[in-house]
Amino acid sequence: MTEEQFIPKTYSEIIESGSYTWSSPSNIALVKYWGKRDNQIPENPSISFTLDACKTTTTLSFSKKGNQDSFSFDVFLDGKQQDDFKPKIETFFKRIEAYLPFLKNYHFKIETANTFPHSSGIASSASGMSALALCLMSIEKDLSTPLEVTKDYFIKKASFLARLGSGSACRSLEGDLVVWGNHDEIDGSSDLFGFKYPFEVHDVFKNYHDTILLVDKGEKQVSSTVGHGLMHGHPFAKERFKQAHINLSSLINIFKIGDLKTFIDIVESEALTLHAMMMTSMPYFILMKPNTLEIINKIWTFRKETGSHVCFTLDAGANVHVLYPENEAEQVYEFIKSELVAYCQNGHYICDRIGFGAKEILGD
Ligand code: DP6
């Protein structure tokens, strides 16, 4: 598919006002997206587990307005007007206007709430942008004839729009594993939108757990945009992008046969490579904190001593995602409580697991 296929023909219906609500989860990358070209095109393919508990619910209310020269919207987080979110949404609207030509015809009220605290160091951009993109697609569906917006088109275009808001957001619409970015061995994968992982997945990966240890709840030291930018001209970028393709290739067989040992090798290496890229860019950053390393070392010791398949991954920050299979959940959870929680800021952590994607919340 090409971008042009997401430009709608003229709309057939007229709607004065309405409102839609979608709830969309966060996701955690196993092979990381780090580095992008213009228009939010990733430098390498990535794959993520869709999460379940960490999510954003957004209600988008819209009403026709007279002046159609500019965007008009208000944003509320947990019921409070949030003007500092406006520039990001204005940029998003500008990027998607060609694909949603109705945007300037309405005034929008965007009411959003996250299940996780805003100051948890967990980015809400993936869940937030995907929930908003889905609400916008619900409006487009109403404005179009039923045949124009099929279920497949709806989800692909919502993911396409979400990507233009925040790259990783395009992996949050479906579950339980989503690929984003062209990969030779995955037919249907695309740089333009997330694609539900199409191959066999061993039962051991079903219901996988992700306990998020909140090591540092502060604002990100480096925004994703700046971080991605550091990959331009990075001395190791080319090799890194190649490595992501190879790691995704290896995961195909790992998912099929349930090879947890190699899964761990790839997932942890991806996390450390992401951080290595930031340590070796110019300017350079260390985004881990001492407690991040304490946790990693504890996990390695525990794995050695018990034969457990617990492992970690990291985002572009200090928090640690502890991943483990359902059949080891009890033992690993005990370990987390007794040995790892002490390294969390105020003892805070979030229990999450693999989920199945976004849901529309229907009114009464
Ligand atoms: C480290 O999706 O937040 O979480 O496209 O600039 O919004 P933008 O970046 P963003 O980057 C996420 C990077 C990552 C890895 C990943 O999720 O694949």
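1. Phe255 counts as buried, at 0% relative accessibility (buried is under 20% relative accessible area, exposed over 50%, partly exposed in between, with a 1.4 Å probe and protein chains only). The model is predicted, so local features need pLDDT of at least 70 and side-chain atom pairs count only at pLDDT 80 or more, while totals for chains, interfaces and linings use all residues. Residues are numbered from 1 along each chain as its sequence is written, and side-chain values use heavy atoms, with hydrogens and water left out.

2. Strand β8 covers residues 177-180 (strands are DSSP runs of E with at least two residues, helices runs of H or I with at least four, numbered from the N terminus). Both of its faces are covered. Leu177 and Val179 are buried on one side, and Val178 and Trp180 are buried on the other.

3. β8 is paired with strand β4 (residues 46-64) in the antiparallel sense, over four bridges (two strands pair if DSSP finds at least two bridges between them). In this pairing, Val178 of β8 has Ser48 opposite.

4. Strand β9 (residues 194-196) also pairs with β8, again in the antiparallel sense and over three bridges. Here Gly194 in β9 is the bridge partner of Trp180.

5. The whole structure holds 27 aromatic pairs (rings of Phe, Tyr and Trp, the last by its six-membered ring, pair if their centres lie within 6.5 Å; planes under 30 degrees apart are stacked, over 60 edge-to-face, the rest tilted). Phe49 and Phe263 form a tilted pair, with 6.3 Å from centre to centre and 40° between the planes. This pair links distant parts of the chain, since Phe49 is in strand β4 and Phe263 in helix α6 (residues 260-279), 214 residues apart.

6. Phe49 is buried at a relative accessible area of 2%, and Phe263 is buried at 0%. Phe263 also pairs with Phe255: the ring centres are 6.2 Å apart and the planes meet at 55°, so this pair is tilted.

7. One aromatic cluster is formed by Tyr11, Tyr20, Phe62, Phe71, Phe73, Phe92, Phe93, Phe102, Tyr106 and Phe108. The charged end of Lys86 sits over the ring of Phe73, at 5.3 Å from its centre (NZ of Lys or CZ of Arg must be within 6 Å of the ring centre and within 35 degrees of the ring normal). Lys109 has its charged end over the ring of Phe76, 5.3 Å from the ring centre.
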